[in-house]
Amino acid sequence: MKAQVRGFEMAYEDTGGDGIPLLLIHGFPLDRTLWTAQVQGLADAARVIAPDLRGWGESGLPGGAVTMDTYADDLRGLLDALGVKNAVVCGLSMGGYIAFAFYRQHAHRVRGLILADTKAGPDSPEGKQGRDDNIALARAQGAAAVGDKMLPKMFTPKTLAARADVANAARAMMARQSVAGVVSALKAMRDRPDSTSTLAEITVPTLVIAGAEDQLIPVQEAEAMRAAIRGARLVSIPGAAHLANLEQPDAFNAAVREFLKSLV
Ligand code: MLT
């Protein structure tokens with residue numbers, strides 16, 4: 001499905017129904033198909049909405065600089081277009097950075113937060129340098145080169161060795177993204193604000209999910225978010241690294257399902 005949102009066409013999945021809306025925000029360098037197992041596995045528990053962010057998947061990329069606020073405002077525009085007043089907002093990794101921006105701008109539209117494989121802090125100086133290196137890599141060799149660099153950290157060694165289907169699906173997802181989309185998100189992540197002070201301002205029910213073997217964003221970051229957000233719960237998923245929802249979809253969906261039940 002596609003909706004006209006803030007000057008571009010935004011592609012999205014929407015399972016419909018009158019369940020609690022669950023907005024799924026994908027990470028970098030990915031698209032909404034990251035969430036296929038959640039769209040299919042949680043449709044009986046929620047109205048699952050999974051968009052491609054601007055510049056990703058089948059969504060357009062209008063001109064102009066992109067920030068975390070840009071992505072967040074696009075998502076508010078999509079909820080408006082779908083007539084959704086408020087939603088449980090679930091962001092994975094970069095999607096979590098966007099969820100913080102969404103909360104700051106549109107807290108009244110947030111019924112609950114799920115922060116998966118993400119962190120509140122900004123990029124370190126080395127991290128910013130890494131973004132610039134990846135911008136150069138994407139421009140010189142394409143999106144696939146950035147994906148191939150990241151793949152070893154997306155999954156546990158066990159999954160990389162034994163589940164070629166999972167690793168290949170992620171590799172293909174990363175390889176089909178546009179260089180313009182990749183570059184705009186790298187700049188947006190490099191320049192994103194520190195969300196640490198946002199944690200104490202969160203007053204909605206919050207679930208933090210971490211892949212127990214995540215090397216990109218270690219589980220200590222998840223524990224720090226849990227400790228700083230009033231009443232938040234942390235679920236650590238064994239046998240999962242950075243893309244916990246892809247690697248262990250049943251455990252991820254079970255955690256989300258239990259959280260959704262606690263809201264009604
Ligand atoms: C992601 O999965 O969205 C990225 O790894 C986040 C990041 O690079 O900071």
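User: Which side chains meet Arg6 and Asp74 in a salt bridge, and at what N to O distance?

Analyst: A salt bridge is a side-chain nitrogen of Lys or Arg within 4 Å of a carboxyl oxygen of Asp or Glu. Here the side chains of Arg6 and Asp74 meet in one, with 2.9 Å from N to O. Arg6 is in the loop between strand E1 (2-5) and strand E2 (8-14) and Asp74 is in helix H2 (residues 68-82), so the pair ties together parts 68 residues apart in sequence. Helices (H or I, at least four residues) and strands (E, at least two) are DSSP runs, numbered from the N terminus. The structure holds 18 salt bridges.

User: What should I know about the model and numbering?

Analyst: This is a predicted model, where local features need pLDDT of at least 70, side-chain atom pairs count only at pLDDT 80 or more, and totals for chains, interfaces and linings use all residues. Residues are numbered from 1 along each chain as its sequence is written, and side-chain values use heavy atoms, with hydrogens and water left out.

User: Which residues surround the ligand?

Analyst: A residue is near a molecule if one of its heavy atoms lies within 4 Å of it. Gly27, Phe28, Ser93, Met94, Tyr97, Arg131, Met150, Met189 and His242 surround the ligand.

User: Where do polar side-chain atoms lie relative to an oxygen atom of the ligand?

Analyst: A polar contact is a pair of N or O atoms within 3.5 Å. A polar side-chain atom of Ser93 lies 2.8 Å from a ligand oxygen atom, and one of Arg131 lies 2.7 Å from a ligand oxygen atom.

Key:
A polar contact is a pair of N or O atoms within 3.5 Å; within protein, one must be able to donate a hydrogen and the other to accept it, and residues adjacent in sequence count only if both atoms are side-chain atoms.
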